[in-house]
Amino acid sequence: MNVRQKTIKKEISASGVGLHTGANVTLTFCPAPENHGFKFQRIDLEGEPVIDADADNVTDTSRGTTITQNGASVSTIEHVMASLVGMDLDNVLIQLDGPETPIMDGSSIQFIDLLEAVGTIEQNADREYFTIPHNITYTETDRKVEIVAMPLDDYRFTCMIDYNSPVLGSQHAGINTIAEFKKEIASCRTFCFLHELEYQLQHNLIKGGDLNNAIVIVDKEVTKDELSHLAKLFNRKDIDVAPQGILNNMELRYQNEPARHKLLDMIGDLALVGMHLKGHIMAARPGHAANIAFAKKIKAAIKKEKNKKIQKVYDPSAKPLYDINQVMDILPHRQPFLFVDKILELSKNHVVGVKNVTMNEEFFKGHFPGAPVFPGVIQIEAMAQVGGILVLSTVPDPRNYLTYFLKIDNVRFRAQVLPGDTIVFRCDLLEPIRRGIAQMKGVGMVGEKIVVEAEMMAQISKIKQTEPVQ
């Protein structure tokens, strides 16, 4: 049974201060269309730049997770991201009028409350999951960090922390399914050690810090004078050390609240993979840097699995959906500039086409005639023509329209294509076509080998004439 994508029913906002910047900021969750994913928008900056919530956009993990794109950054995003995953959402735009998300009480529960207050709504598009296909591991020997993702038809987490602290000790936390996030994990607050707090205060690194939004673990002998000094800094009448080895400004919500919060951070950071996951994540001593490095390994596995699907599914000798005559009914190109021989598959979101490379091609007369190689620019043109079939399939009569390519990015040629090869191209929409603009990812395969890949943007344009193209 397919699961539909979800967004929220309407906008809702919360205000607070950034933990590290101390800046007052308002965060607004906004509904977003299908296949939008999670994105942040800095509405306080010129042009209101948008930042994709993607592991490849992470630029800092020293004191939380920071993402940067289009000349703008947003920091400490992990608690917000965890709340979106915990609410089982797919498409949300998060607008901010400052550089950092509000810390709230140091957990995700207040974000969960906001999202629950407005409610969620199913969308028409199906959700895509990535099921961990085999064990994926990440280790940092010096820090004794170990993370592994194992195959499972659910999203399960197990986390262990150990700071060699006689106060904190070794702690474990886990959830059997992401549906347990709200009850078991969302309310668990961030924590720090007293020596870290003192350092950060001395270096003005937590301008928005308050004893209401962090658990402070007392990991050293502390005098009454030091406690009095801390009380003065945080505008408290007095501060003492509770029996659990924490400052007595708050009570623990769970005996293992620090381990549960590390689990919360990990869920938020792994949301930057960009897909819902199915698997069992087990982590020992995780942190933001390790989480992001692990997220990138999962992203690499997703890319590899997608490439495998192309390799396994498409047989270039299979009966075509469109033969060359039907292709010419759609595309205006003709010999010697028609580079699609047949279409194997076509849906609303993807197309698969075939180009047979023969020595009879016109360009081989002048392109390395002594050592013929299929030109890279022609490979891109062939991919674009296959993508054009997908784009033109969305209009009433393709003969009355043309597709003009506006941009080609991230082009990579991985292997030579020679006469006698057959290239199978697959193009997938990166997002729904809007206002005649289509964005696609294309991959070309020869056998089981990727030979070319690129991202393309095209515009549908109606031919200005009274008679249709014949």
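Histidine 261 counts as buried, since its relative accessibility is 1% (buried means under 20% relative accessible area, exposed over 50% and partly exposed in between, with a 1.4 Å probe and protein chains only). This is a predicted model, in which local features need pLDDT of at least 70 and side-chain atom pairs count only at pLDDT 80 or more, while totals for chains, interfaces and linings use all residues. Residues are numbered from 1 along each chain as its sequence is written, and side-chain values use heavy atoms, with hydrogens and water left out. Here's a quick tour, topic by topic.

**The listed binding site**

- UniProt, in an unreviewed entry, lists His79, His261 and Asp265 under "binding site" (positions are given in the numbering used here, feature names are shortened, and annotations may be inferred rather than shown by experiment).
- These residues span 187 residues in sequence, yet no two of their C-alpha atoms are more than 9.5 Å apart, so they gather at one spot.
- Histidine 261 sits in helix α6, and histidine 79 belongs to helix α1, residues 78-86 (helices are DSSP runs of H or I with at least four residues, strands are runs of E with at least two, and both are numbered from the N terminus).
- Not counting residues up to four places away in sequence, histidine 261 touches His79, Gly106, Cys188, Arg189 and Thr190 (contact means heavy atoms within 4.5 Å).
- Histidine 261 also uses its side chain to reach the backbone nitrogen of threonine 190, at 3.3 Å.
- With residues up to four places away in sequence again left out, histidine 79 has contacts that include Phe111, Thr190, His261, Leu264 and Asp265.

**The listed active site**

- Under "active site", the unreviewed UniProt entry gives His288 and His367.
- This pair is spread over 80 residues of sequence and is spread in space too, up to 50.2 Å between C-alpha atoms.
- Histidine 288 is part of helix α7, which covers residues 288-313, and counts as buried because its relative accessibility is 13%.
- Setting aside neighbours within four places in sequence, histidine 288 is in contact with Thr61, Gly64, Thr65, Glu78, Asp265 and Asp269.
- The side chains of histidine 288 and glutamate 78 are joined by a polar contact of 3.5 Å (that is a pair of N or O atoms within 3.5 Å; within protein, one must be able to donate a hydrogen and the other to accept it, and residues adjacent in sequence count only if both atoms are side-chain atoms).
- Histidine 367 lies in the loop between β20 (350-356) and α9 (376-392), and counts as partly exposed because its relative accessibility is 25%.
- Pro372, Val373 and Pro375 are what histidine 367 touches, once residues up to four places away in sequence are excluded.

**Around helix α6**

- Leucine 263 has its place in helix α6 and is buried, with a relative accessible area of 0%.
- Beyond its neighbours within four places in sequence, leucine 263 is in contact with Phe157, Cys159, Ala173, Gly174, Ile175 and Ile185.
- Tyrosine 254 is found in the loop between α5 (224-233) and α6 (257-270).
- Apart from neighbours within four places in sequence, tyrosine 254 contacts Lys183, Glu184, Ser187, Cys188 and Arg260.
- A polar atom of the tyrosine 254 side chain lies 2.8 Å from the backbone oxygen of lysine 183.

**A three-strand sheet**

- Three strands make an open, antiparallel sheet in the order β6-β7-β8 (two strands pair if DSSP finds at least two bridges between them).
- At the edges are β6 (58-60) and β8 (72-74), each pairing on one side only.
- Two bridges join β6 to β7, residues 66-69, and the two run antiparallel.
- Aspartate 60 has threonine 66 of β7 as its bridge partner.

**Cysteines**

- The structure holds zero disulfides (a disulfide is a pair of cysteine sulfur atoms within 2.5 Å).
- Cysteine 159 is in no disulfide, and the nearest cysteine sulfur, that of cysteine 188, is 11 Å away.
- Cysteine 159 is buried at a relative accessible area of 1%, and cysteine 30 is buried at 4%.
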